[in-house]
Amino acid sequence: MFTHVCTACAKRQLIFPSQVSAVAESEQGPVATFTCWCGAEQSALYTLAPATSDKVVLAA
């Protein structure tokens, strides 16, 4: 899963693997093609963020 800001609906959406229709290699790395929840076909560079061991403290 990853998040993406759709160019059609301008919403930040969580994209699930079932929404991905293709992955192709480009000079920048793999590019995923998927369908946004609004129905628009989108493409995005598919990169994995490195895991971090930093602790995060949330205050309420």
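Q: In this predicted model, why is Q19 called buried?
A: Its relative accessible area is 12%. Buried means under 20%. The value falls under that cut-off, so Q19 is classed as buried. Q19 lies in the loop between strand 2 and strand 3.

Q: Which residues is Q19 in contact with, leaving aside its neighbours within four places in sequence?
A: They are L14, T33, F34, T35, C36 and W37. Contact here means heavy atoms within 4.5 Å. The C-alpha atoms of Q19 and C36 are separated by 7.4 Å, although the two residues are 17 apart along the chain.

Q: What makes the approach of the Q19 side chain to the backbone oxygen of T35 a polar contact?
A: The distance is 2.9 Å.

Q: Why is the pair of F16 and W37 called edge-to-face?
A: The ring centres are 6.2 Å apart. Rings pair if their centres lie within 6.5 Å. The planes stand at 90°.

Q: Where in the chain do F16 and W37 lie?
A: F16 is in the loop between strand 2 (12–15) and strand 3, and W37 is in the loop between strand 4 and strand 5 (41–45). They are 21 residues apart, and the pair links distant parts of the chain.

Q: Why is F16 called partly exposed, and W37 exposed?
A: F16 has a relative accessible area of 32%. That lies between the cut-offs of 20% and 50%, so F16 is partly exposed. W37 has 53%. Exposed means over 50%, so W37 qualifies.

Q: How many aromatic pairs does a search of the whole structure find?
A: It finds two. One of them is F2 with F34, edge-to-face, at 5.4 Å centre to centre and 80° between the planes. F2 lies in strand 1 (residues 2–5) and F34 in strand 4, so this pair ties together parts that are 32 residues apart in sequence. Both F2 and F34 are buried.

Q: What makes strand 3 and strand 4 a pair?
A: Two strands pair if there are at least two bridges between them. Strand 3 (residues 20–26) and strand 4 (residues 29–35) have six, in the antiparallel sense. The bridge partner of E25 is P30 in strand 4. A hairpin joins the two strands through two residues.

Methods. Residues are numbered from 1 along each chain as its sequence is written. This is a predicted model: local features need pLDDT of at least 70, side-chain atom pairs count only at pLDDT 80 or more; totals for chains, interfaces and linings use all residues. Side-chain values use heavy atoms; hydrogens and water are left out. Helices (H or I, at least four residues) and strands (E, at least two) are DSSP runs, numbered from the N terminus. Rings of Phe, Tyr and Trp (its six-membered ring) pair if their centres lie within 6.5 Å; planes under 30 degrees apart count as stacked, over 60 as edge-to-face and the rest as tilted. Buried means under 20% relative accessible area, exposed over 50%, partly exposed in between (1.4 Å probe, protein chains only). A polar contact is a pair of N or O atoms within 3.5 Å; within protein, one must be able to donate a hydrogen and the other to accept it, and residues adjacent in sequence count only if both atoms are side-chain atoms.
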